[in-house]
Amino acid sequence: MTTKRLLFIFQKNATEKPVMSYLVRDYNLEVNIYRAMITPAEEGYLVVDVTGSDEDIRRGMDYAKGLGVTVNDREKGLSWNEELCTGCGNCLSHCPTGALKIADPATRRITFEEQLCVECLNCIPNCPYGACSSIFRE
Amino acid sequence: MKTYEEINSRIESGKAVVLTADEIIAYVDKHGLDEAAEEVDVVTTATFGPMCSSGAFLNFGHSKPKMRITEAWIDDVLAYSGIAAVDLYLGATQLRHNDPANMYYPGEFRFGGGHVIEKLIAGKECQLFALSYGTDDYPLRELRTTFSIQDLNQAIMVNPRNCYQNYNVAVNCSDKPVYTYLGLLEPNMGNITYCSAGQLSPLLNDPFYETIGVGSAVWLAGARGIVYAEGTQHAPTCERNDLGIPTEGAGTLALSADMKQMSSAFVRGVSLKGYGVSLALGIAVPIPVLNKEILRRTTVRDKDITAPVINYGGDYQARNGKVLGHISYADLKNNSVRFMGKDIRVSSMSSYGKALEAAELLKDEIRRGDFHLSRPSAPLPKEQAMRGITMKEPAR
Ligand code: SF4
Ligand code: SF4
């Protein structure tokens, strides 16, 4: 048994389908919804911990993708835009896990280590240059 | 000993030896001061960070029929129009009209004068809305149009105060979060923030203003600019360490340059939660190696520069002059610093990476012969303190 955190992004026409119920019924998966939102543009996001055999998880993901849902097992809702980042370092003392950190002490360039991010969203208001954002906000 | 003329003729012939203030440290360590003073012509210094006292003079040209603008907004940000008919001054910290500011505390301050300036330099279209009472010779009373920087006759950045020589380090000793221009300060000294390029910063490499003066050529966000005056609040009479490095704010520069020559990578709008908006600029200043002592002062290291730690949870507001202690930039550049018996995580408002980029770009321009130095027409004041305002009525 494996537990995977998956991010489902529903385009407007896909939001009506009960994808989660099918994952439970037809793919033997346990789902634990961790965060959910529907935007005013009627797009939706779901972050779900999915538990099941690797094979069932893979089949379930393929099924959802077949419905036009974007499924991501890597990306977090938090996105860090390298282009907008000035490397000022203001986020550093506000990021509890060190996901945003200095990549090179000589130039003080910043990197974002996605695996470490717990999506506390602290960095968003603490980035003066709008480099951090989350699909769960706006 | 070298003169400005000798250095400029070496720049002219493409032979000038130029190093950044970061590189010069190791270079002098290796070659010694005497040899380095012979070899090196120019040291480039730089900084990148929010510089609130900045803004832009914009000339729009005349409409048909003509208008003498008396109120104006660019992308809904108020611009000052108490100048001539179609000249405006847009300040970096002006909020957008209807921004709720701190009404829903802490406010987000997403857009203001600094962001408009960033958009202009990035070549984007902005909206002008202007009103007037109308006169016989300027009858038009309302105007709404879009424009980009190319449409303007002039777009000149004029910044009354940039490049603070040194700056406060902020902590919060109170038990509530404090939102400041140095970022969010967590209660009970939960974090600490600073804002300086340290050993790369222009006035820390020329602590007695021997080469940087009124009329010096500077690199302002990619454009060739000048120091047009001492910056506001220039206060060179202050505490200094054994090397003469100020251990508090001290000197400042007033800078100006043509915005049409600027690069958007070094002009960025700033949003500071709970505080307001501002503008971050990348600035590089060349220091001519006129003699050994000038060179020696450019080899200053982060460990030799300290900044005063101020409690923004009370002392700063009260202006009681209390300094909790001093920390060196070498220590501040770690993830956490030990202060008053506590390990405190560090944040910074100043980008050393961007400052290094600016210093490198100026270095390349000088090496290519595209940027010449200019001898100041007048020195910056060396003795002068900063006054506060006298309140003739009780505080409310
Ligand atoms: S969301 Fe939280 S953990 Fe993730 S990068 Fe931002 S501050 Fe760090
Ligand atoms: S606060 Fe924003 S701009 Fe500054 S280093 Fe962090 S992500 Fe980059």
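Predicted model: local features only at pLDDT ≥ 70, side-chain atom pairs only at ≥ 80, totals over all residues.
**Entry 1**

**Entry 2: other salt bridges**

I noted a total of 25 salt bridges over all chains. One of them joins Asp29(B) to Arg301(B), with 2.9 Å between the closest N and O atoms. This pair links distant parts of the chain, for Asp29(B) is in helix α2 (residues 23-39) of chain B and Arg301(B) is in the loop between α5 (292-298) and β19 (306-311) of chain B, 272 residues apart. Asp29(B) counts as exposed at 55% relative accessibility, whereas Arg301(B), at 28%, counts as partly exposed.

In chain A I looked up Asp62(A), which forms a salt bridge with Arg58(A), the closest N and O atoms being 3.0 Å apart. Both residues lie in helix α2 of chain A, 4 residues apart, which is about one turn of the helix. Asp62(A) is partly exposed at 39% relative accessibility, and Arg58(A) is partly exposed at 41%.

**Entry 3: the sheet of chain A**

I then followed the sheet of chain A, which is open and made of 4 strands in the order β2-β3-β1-β4, with antiparallel pairing. The edges are held by β2 (30-38) and β4 (70-72) of chain A, and each has a single partner strand, so one side of each is left without a neighbour in the sheet. On average, neighbouring strands of this sheet are turned by 20 degrees against each other, direction ignored. Helix α2 (residues 54-66) of chain A packs on the sheet and touches β1, β3 (44-52) and β4 of chain A, while its direction makes about 0 degrees with that of β1(A).

Looking at one pairing in detail, I found that strand β1 (residues 2-10) of chain A pairs with β4(A) in the antiparallel sense over 3 bridges. Ile9(A) stands opposite Thr70(A) in β4(A).

I also looked up Asn13(A), which is found in the loop between β1 and α1 (19-27) of chain A and is exposed, with a relative accessible area of 62%. Asn13(A) and Gly68(A) are 55 residues apart in sequence and 8.6 Å apart in space, C-alpha to C-alpha.

**Entry 4: strand β14 of chain B**

Which residues cover the two faces of strand β14 (residues 217-220) of chain B? I found Ala217(B) and Trp219(B) on one side and Val218(B) and Leu220(B) on the other, all of them buried. In general, side chains of a regular strand alternate between the two faces of the sheet.

β14(B) is joined by 4 bridges to strand β15 (residues 223-230) of chain B, and the two run antiparallel. Val218(B) has Gly225(B) in β15(B) as its bridge partner. These two strands, β14(B) and β15(B), form a hairpin with 2 residues between them, and Ala221(B) in the turn has a positive phi of about 55 degrees. β14(B) also pairs with strand β18 (residues 276-288) of chain B in the antiparallel sense, over 2 bridges, and there Trp219(B) has Ala284(B) as its bridge partner.

**Entry 5: backbone details and a surface patch in chain B**

I looked up two cis peptide bonds: one joins Lys64(B) and Pro65(B), with omega of about -5 degrees, and another runs from Tyr105(B) to Pro106(B), with omega near -10 degrees.

Asp75(B) is not a glycine, yet its phi is positive, about 45 degrees; Asp75(B) lies in the loop between β4 and β5 of chain B and counts as buried at 12% relative accessibility.

Last, I noted a nonpolar surface patch of about 280 Å², made by Phe57(B), Tyr80(B) and Ile83(B). Tyr80(B) is exposed, at 52% relative accessibility.

Note on methods. Residues numbered from 1 in each chain as written. Chains lettered and ligands numbered in written order. Heavy atoms only, no water. Pairing = 2+ DSSP bridges. Axes fitted to C-alpha atoms, helices over the stretch in contact; angles between N-to-C directions. Contact = heavy atoms within 4.5 Å. Patch = residues over 30% accessible without salt bridge, like charges linked within 9 Å, V, L, I, M, F, W, Y side chains within 5 Å. Areas by Shrake-Rupley, 256 points an atom, 1.4 Å probe, with all protein chains shown as cover. Salt bridge = Lys/Arg side-chain N within 4 Å of Asp/Glu carboxyl O. Buried < 20%, exposed > 50% of the residue type's maximum accessible area, 1.4 Å probe, protein only.
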